[in-house]
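Hi everyone, thanks for coming. Let's take a few minutes to walk through one structure together, and please have a look at it while I talk.

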Amino acid sequence: MYEGPVQDLIDELGKLPGVGPKSAQRIAFHLLGVEPPEIDRLLGALQKVRDGVQFCVVCGTVAAERECRICADPRRDRTLVCVVEEPKDVQAVERTREFKGLYHVLGGALDPLAGVGPDQLRIRELLTRIGNQEDGVDVAEVIIATDPNTVGEATATYLSRMLRDFPGLKVTRLASGLPMGGDIEFADELTLGRALAGRRAL
C-alpha cells in the first residue's frame, strides 16, 4: 500500500477491465515518471471522452458526428446489417475486411440474472430500422454476430424469433467452430460439435 494520491491512482486504474493490481501499479509509476505535457494530453483525452463522446443515431456505435463514418459511407451495402453487442465488436468485424454492409450495436446481451432484458438493449431500434426502408433500400439480410456464449446465444435466439415476422428477410448467425491453426484434439466438445454442424462443401 502506498500513501495518498499514488494509491488512489492505483486503485482507480485497478478498476479498469483487464488491469490487475500489478498492472495498475506499473501504469501509476509510469505516469509518475512522464513529463507534465504527456499527463495533460492524457487528461485532455479523458475529458473529451467524458464530455464529447456520442453514439451514431443509426447504428449506435461510437461516433465523432451524428452518424458514424460507416453509416455515412454511400459505398456500404445497405441491404446487409450485422448485429453486434458492443462498439468494439464493430472494429473486430471491420478488421476482417470481409463485411461491406452496415452495423447495429445492441449495447450488450440479454442477461436476466444481471437485470438486462430486451428493453435495456437497442432491439426496438433494430426492429424499427428493419421495418423502415433506408434510402429506399430494403434490408435483405440480418447477420447476428453476438458472442458465442450463453448470453450471446440467448440474444441470438431472441432476435431470430423477433425477426421471423419480416417477410423476405434472411436471418443468419456467424459460424462458429475450430480456430485457424488449432488442433482438433485440444478442441472442447461444444466447439467441435459446432464445427461439425456448420461444415461446408469443398
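The helices (H or I, at least four residues) and strands (E, at least two) are DSSP runs, numbered from the N terminus. What you see is a predicted model, where local features need pLDDT of at least 70, side-chain atom pairs count only at pLDDT 80 or more, and totals for chains, interfaces and linings use all residues. Residues are numbered from 1 along each chain as its sequence is written, and side-chain values use heavy atoms, with hydrogens and water left out.

Let's begin with helix H5, residues 87–96. Which residues of H5 are buried? They are Pro87, Asp89, Val90, Val93 and Glu94. Looking down the axis of H5, these buried residues fall within an arc of 150 degrees, so they line one face of the helix; the arc is that of the directions from the helix axis to the C-beta atoms. Here is a handy rule: an α-helix has 3.6 residues a turn, so residues three or four places apart point the same way. On the face of H5 turned away from the buried side sit the exposed residues Lys88 and Arg95. The cover over the buried residues of H5 includes strand E2 (62–63), helix H4 (69–72), E3 and E4.

Is arginine 97 buried or exposed? Arginine 97 has a relative accessible area of 68%, so it is exposed.

Now the sheet. Four strands make an open sheet in the order E4-E3-E5-E6, with parallel pairing. Strands E4 (101–105) and E6 (170–173) are the edge strands, each pairing on one side only. From one strand to the next, the twist averages 25 degrees. Two strands count as paired if DSSP finds at least two bridges between them.

We can go across the sheet pair by pair. E3 and E4 run parallel and are joined by five bridges, and cysteine 82 has tyrosine 103 in E4 as its bridge partner. E3 and E5 pair in the parallel sense over four bridges, with valine 81 standing opposite valine 142 in E5. Valine 142 also has a bridge partner in E6, namely valine 171. E5 (residues 141–144) and E6 are joined by four bridges and run parallel.

How covered are these strands? In E3, six of the eight residues are buried. In E5, Glu141 and Ile143 point one way, Val142 and Ile144 point the other way, and all are buried.

In helix H6, the buried residues are Ile123, Leu126, Leu127, Arg129 and Ile130. They cover an arc of only 160 degrees around the axis, which puts them on the same side of H6. These residues pack against E3, E4, E5 and H7, where contact means heavy atoms within 4.5 Å.

In H7, the buried residues are Gly152, Thr155, Ala156, Tyr158, Leu159 and Leu163. They fall within an arc of 165 degrees seen down the axis of H7, so they line one face of the helix. Their packing partners are E3, H6, E5 and E6.

How do H6 and H7 meet each other? Two packed helices are described by the angle between their axes and the distance between the axes. The axes of H6 and H7 come within 11 Å and cross at roughly 35 degrees. Those axes are lines fitted to C-alpha atoms, for helices over the stretch in contact, and angles run from 0 to 180 degrees between N-to-C directions. Ile123, Leu126, Leu127 and Ile130 in H6 meet Tyr158, Leu159, Met162 and Leu163 in H7.

Last stop: alanine 201, in the segment after helix H8 (189–197). At 70% relative accessibility, alanine 201 counts as exposed. The C-alpha atoms of alanine 201 and glutamine 120 are separated by 40 Å, and these two residues are 81 residues apart along the chain.

Definitions and conventions:
Buried < 20%, exposed > 50% of the residue type's maximum accessible area, 1.4 Å probe, protein only.
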